[in-house]
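Please consult the sequence and structure below while reading.

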Amino acid sequence: MRGIRRFVRLLIWLALLLAALVALGLWSGIRPPPAPPVVRVPLEGQVDLILVEKAARRLTVFRDGEPLRTYPVVLGFAPTGDKVRQGDGKTPEGRFRIDRRNDRSRFHLSLGLDYPQADDRARAAAGGYDPGGDIMIHGQPNALFGKATLTRDWTAGCIALADTDIEELWRVTRVGTEVEIRP
């Protein structure tokens with residue numbers, strides 16, 4: 001009998017606590033509605049510089065020295081340091097150019113970088129290894145299109161964006177656009 005009384009008292013206390021919390025929530029006043037989603041004005045024209053800051057996981061596009069838009073990115077699966085060889089999972093660092101565009105990539109759109117460059121090939125030849133290549137700025141794997149954006153570093157050394165972000169970047173980036181990748 002004592003156990004039942006304790007249980008009933010506990011239920012009463014929990015009900016009073018819940019009622020107090022509800023009352024306090026209502027007492028705190030009317031909350032403003034949530035902020036509307038930010039609507040981005042589409043970029044127009046061409047960009048002349050793409051800056052990737054690896055540590056910040058950020059890609060910023062510029063025109064005439066002015067930043068226009070910033071996107072979150074993910075990198076190679078071992079992103080710290082400069083790319084040295086095929087399979088190291090590192091995203092290269094330095095200055096590059098967009099040298100190709102591929103709308104039939106395994107990933108949602110891709111902008112190819114001119115990596116490896118002459119110094120990368122020379123270093124690899126002297127060391128007797130493959131410097132790697134086929135480094136791209138691209139979207140998510142096509143199998144995920146419209147379903148998910150991978151948010152952890154997962155590429156083999158590329159720079160990956162959300163599909164909607166690569167679509168916008170694709171529209172404003174031409175072959176020859178400069179790309180700077182910083183640590």
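## Glutamate 178

Glutamate 178 lies in strand 8, which spans residues 178–182; strands (E, at least two residues) are DSSP runs numbered from the N terminus. The model is predicted, so local features need pLDDT of at least 70 and side-chain atom pairs count only at pLDDT 80 or more, while totals for chains, interfaces and linings use all residues. Residues are numbered from 1 along each chain as its sequence is written, and side-chain values use heavy atoms, with hydrogens and water left out.

With a relative accessibility of 22%, glutamate 178 is partly exposed (between buried, under 20% relative accessible area, and exposed, over 50%; 1.4 Å probe, protein chains only). Beyond its neighbours within four places in sequence, glutamate 178 contacts Asp48, Leu49, Ile50, Arg95, Phe96 and Arg97, contact being heavy atoms within 4.5 Å. Phenylalanine 96 is 82 residues away from glutamate 178 in sequence, yet their C-alpha atoms are 5.9 Å apart.

## Glutamate 53

Glutamate 53 belongs to strand 1, residues 49–53. Its relative accessible area is 18%, so glutamate 53 counts as buried. Residues up to four places away in sequence aside, glutamate 53 touches Arg58, Thr60, Arg182 and Pro183.

Technical notes: Helix = DSSP H or I, 4+ residues; strand = E, 2+ residues; numbered from the N terminus.
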